[in-house]
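Dear colleague,

Please find below the structure that I am handing over to you. My notes on it follow directly after.

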Amino acid sequence: MPHKILVTGAAGFIGFHLCKQLLTLGYEVLGLDNINDYYDVSLKYGRLAQLGIAAHDSLAYNHIVTGEKYGERFQFIKLNLEDRENLPVLFQSHTVDIVCNLAAQAGVRYSLENPLAYVDSNVSGFVNLLECIRQAGIKKLVYASSSSVYGLNEKVPFATDDPVDHPISIYAATKKSNELMAHTYTHLYGIQTIGLRFFTVYGPWGRPDMAMFLFADAIVNDRPIKVFNHGQLSRDFTYIDDIVNGVVATLEKDAPQAYSLYNIGNGNPVRLLDFIEATERSLGKPAVKEMLPMQPGDVEKTWADTTGLEKDFGYKPTTGIIEGVGKFIVWYREYFGRTV
């Protein structure tokens with residue numbers, strides 16, 4: 001079993017939950033995040049505080065901080081993945097067994113406005129990380145890909161052997177490039193790479209730009225919620241605990257092949273209007289819906305075929321929409337101190 005794991009994107013939604021679970025399981029974790037301002041950084045600092053890092057705006061760049069909650073078992077560094085000077089130094093000065101790369105410039109719609117941010121973090125940063133892994137002699141990388149690589153794929157559920165050569169957003173194109181670079185490094189240097197194509201993840205401490213947060217915030221504050229494609233959308237909404245359990249399984253056990261790709265989702269698409277209804281029920285308040293057309297870069301349906309992850313790692317999501325949405329609303333009310 002791995003001893004020390006580097007988790008990039010540690011102040012992000014999935015990264016934070018993964019760090020917490022790994023620490024609970026007794027691992028040593030080195031967390032890395034650049035804490036960019038794509039969304040409110042106070043949420044990122046709030047997550048880090050949960051991990052024992054008394055973080056705030058003065059957190060120094062490229063400086064290792066040791067957490068108060070887990071002691072030496074959790075250390076954190078604020079660093080850009082694309083930093084070609086300091087990232088290699090980090091690998092030289094810290095011995096890690098496995099790398100889990102969850103750091104990325106997130107968001108499909110924002111990639112239409114600011115494509116270079118995605119190239120810097122998701123392409124240059126990923127290749128820089130691969131090179132550091134190679135130079136350090138690390139033999140395993142688990143990394144975040146995305147369901148967005150399937151583009152306008154009409155065959156459902158989406159399977160990992162489906163063609164993914166036609167991305168419809170810059171974000172999706174960068175994630176496809178990650179899979180290609182990982183394949184190359186596996187082939188050339190024998191590094192085991194496991195790519196996880198995440199499907200719509202939601203839950204406590206979630207990102208403010210994602211549907212769960214946007215809907216709850218709008219309903220609570222009497223704002224209309226934006227319902228794209230007039231509600232004719234469905235997503236494979238997957239609760240964060242199920243996602244984290246799947247990621248941990250891939251870290252603890254090797255895949256049958258040196259280069260692997262897996263869908264990680266709930267395997268059960270939910271209509272957007274049903275998701276909104278679950279949010280209304282949890283809040284005890286109806287939503288005002290603003291019906292809008294399809295957005296560029298969006299797809300009508302996502303649905304994960306997770307049989308590969310089930311077969312190789314025993315993956316089994318257990319949290320349904322009603323339960324998952326309810327848990328998010330409990331956190332949301334507690335975090336913001338809001339009642340409806």
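Which residues of helix 6 are buried? They are Tyr171, Ala172, Thr174, Lys175, Lys176, Ser177, Asn178, Glu179, Ala182, Tyr185 and Thr186, where buried means under 20% relative accessible area with a 1.4 Å probe and protein chains only. Please note that this is a predicted model, in which local features need pLDDT of at least 70 and side-chain atom pairs count only at pLDDT 80 or more, while totals for chains, interfaces and linings use all residues. Residues are numbered from 1 along each chain as its sequence is written, and side-chain values use heavy atoms, with hydrogens and water left out.

Helix 6 covers residues 170-189; helices (H or I, at least four residues) and strands (E, at least two) are DSSP runs numbered from the N terminus. The end C-alpha atoms of helix 6 are 28 Å apart, which agrees with the 28 Å that its 20 residues should span at 1.5 Å a residue (the expected span is 1.5 Å times one less than the number of residues). Among the elements that cover its buried residues are helix 5 (115-136), strand 6 (140-146) and strand 7 (192-198), contact being heavy atoms within 4.5 Å. Gly190 follows helix 6 and has a positive phi, near 70°.

I turn now to the cysteines. The whole structure contains 0 disulfides, a disulfide being a pair of cysteine sulfur atoms within 2.5 Å. Cys100 takes part in none, as the nearest cysteine sulfur, that of Cys19, is 8.6 Å away. Cys100 counts as buried because its relative accessibility is 1%. The sulfur of Cys132 lies 16 Å from the closest cysteine sulfur, in Cys100, and is therefore too far away for a bond.

The structure holds 1 cavity of 30 Å³ or more; on a 1 Å grid over the protein atoms alone, a cavity is a set of points where a 1.4 Å probe fits but cannot get out, a pocket is an open set with protein on both sides within 12 Å along at least five of seven lines, and lining residues have an atom within 4 Å of a point. The largest cavity has a volume of about 40 Å³, volume being the space filled by probe spheres set on the points. Its lining includes Phe13, Arg207 and Phe328. The second largest pocket has about 250 Å³ of space. Its lining comprises 15 residues, and those closest to its centre are Asn153, Glu154, Val299, Glu300 and Lys301.

With kind regards

How values were computed: Buried < 20%, exposed > 50% of the residue type's maximum accessible area, 1.4 Å probe, protein only.
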